[in-house]
Amino acid sequence: MPLYGDGGNVRDWIHVDDHCRGIQFVLEQGTAGRGVSHQRATRELTNLELTRAILDHCGAGWDMVTPVRDRKGHDRRYSLDDSALRALGYAPRIPFTDGLAATVRWYADHRPWWEPLKRISPGAQGKPLRPAAGRARPVSQWLVTGARGMLGRDLVAVLEARGEAVTGLSRSDLDITDAGAVRDALARWQPAVVVNCGGLDRGGRR
Ligand SMILES: NC(=O)c1ccc[n+]([C@@H]2O[C@H](COP(=O)([O-])OP(=O)(O)OC[C@H]3O[C@@H](n4cnc5c(N)ncnc54)[C@H](OP(=O)(O)O)[C@@H]3O)[C@@H](O)[C@H]2O)c1
C-alpha cells in the first residue's frame with residue numbers, strides 16, 4: 001500500500017454512492033449558471049489516518065505500507081464549501097465507517113474486476129510514448145498528455161489493453177502551458193478525446 005510523503009495530506013472522504021447521488025441531484029434540481037456545486041462529507045482524514053483505517057478493516061498490519069516520494073506541489077488539503085448544495089436539500093447519508101467497510105467488502109468480493117487492472121500498469125512504464133513520425137492522420141482516437149506521470153501511465157496502459165488507439169505525450173513531447181504546441185498537437189493527431197494527466201508544479205501550484 002503506497003503512502004505519499006509524511007502521510008499528512010488531508011482529504012474529505014465521501015462514499016461513492018453519496019457522490020453519485022449528489023451528481024444526480026444537481027442534474028435534476030440544479031439551475032444552470034448558479035455556479036459550482038461542491039460536495040463534501042465533512043469527514044476529513046490525513047492519509048495516515050485513512051491508511052490505518054483501511055489496514056484495520058482488512059485485518060492487515062503496517063508492514064503492508066510502502067512509503068513513496070511525495071508528488072511535487074501535492075495539495076496538502078482541499079477544503080470545499082458545500083453550502084449551496086446543502087441549501088438545495090442534498091446531504092450525504094453514509095457514515096464514513098460504514099462506507100469504508102462496504103468499500104473494502106466490495107473489493108474483496110470483486111477481485112476479477114480489479115486484479116487485471118493491477119497487472120496492466122507495470123508493463124506500460126518502459127513503453128515508448130511517441131507515435132511513429134509521419135503517419136497519416138487521424139492517428140489517434142485518444143490523446144493523453146502528462147502521460148509519464150502516475151495517472152497518465154495507468155490510463156495509457158488501460159486504454160491500450162482495451163485495444164484503443166492512444167497516443168501518450170510526456171512533458172518533453174508536449175508542454176501543456178505552450179498554447180501553440182497544444183494547437184499543433186491537436187492538429188497533428190486529431191484525437192476524439194483528450195485527457196490531460198499533467199500536473200503543473202511550478203511554484204508549488206498545480
Ligand atoms: N494521483 C492521484 O491520486 C490524484 C488525485 C487527484 C488529483 N490528481 C491530479 O492529477 C494530476 C496528475 O497526477 P499524478 O499522480 O499522475 O501526478 P504525477 O505522477 O506527479 O505526474 C504529473 C505529470 O505531469 C507532467 N507535467 C508537469 N508539468 C507539465 C506540463 N507543463 N506539460 C505537460 N506535462 C506536465 C509531469 O511531467 P514530468 O514527469 O516531466 O515532470 C508528470 O509526468 C495532478 O494534477 C494531480 O494533482 C491526482
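Strand β5 (residues 142-145) is joined to β6 by four bridges, and the two run parallel. Strands here are DSSP runs of E with at least two residues, helices are runs of H or I with at least four residues, and both are numbered from the N terminus. Two strands pair if DSSP finds at least two bridges between them. The model is predicted: local features need pLDDT of at least 70, side-chain atom pairs count only at pLDDT 80 or more, and totals for chains, interfaces and linings use all residues. Residues are numbered from 1 along each chain as its sequence is written.

Within this pairing, W142 stands opposite V166 in β6. The open sheet consists of three strands in the order β6-β5-β7, with parallel pairing. β6 (166-169) and β7 (193-196) each have a single partner strand, so one side of each is left without a neighbour in the sheet.

| Edge strand | Residues |
|---|---|
| β6 | 166-169 |
| β7 | 193-196 |

Helix α6 (residues 150-161) gives the most to the shell around the ligand, with three residues. In total, 19 residues surround the ligand, the closest being G149, L151, R171, G198 and G199; a residue is near a molecule if its C-beta atom, placed from the backbone, lies within 6 Å of it. The shell comprises five nonpolar, eight polar and six charged residues, where Ala, Val, Leu, Ile, Met, Phe, Trp, Tyr, Cys and Pro count as nonpolar, Asp, Glu, Lys and Arg as charged, and the others, Gly among them, as polar.
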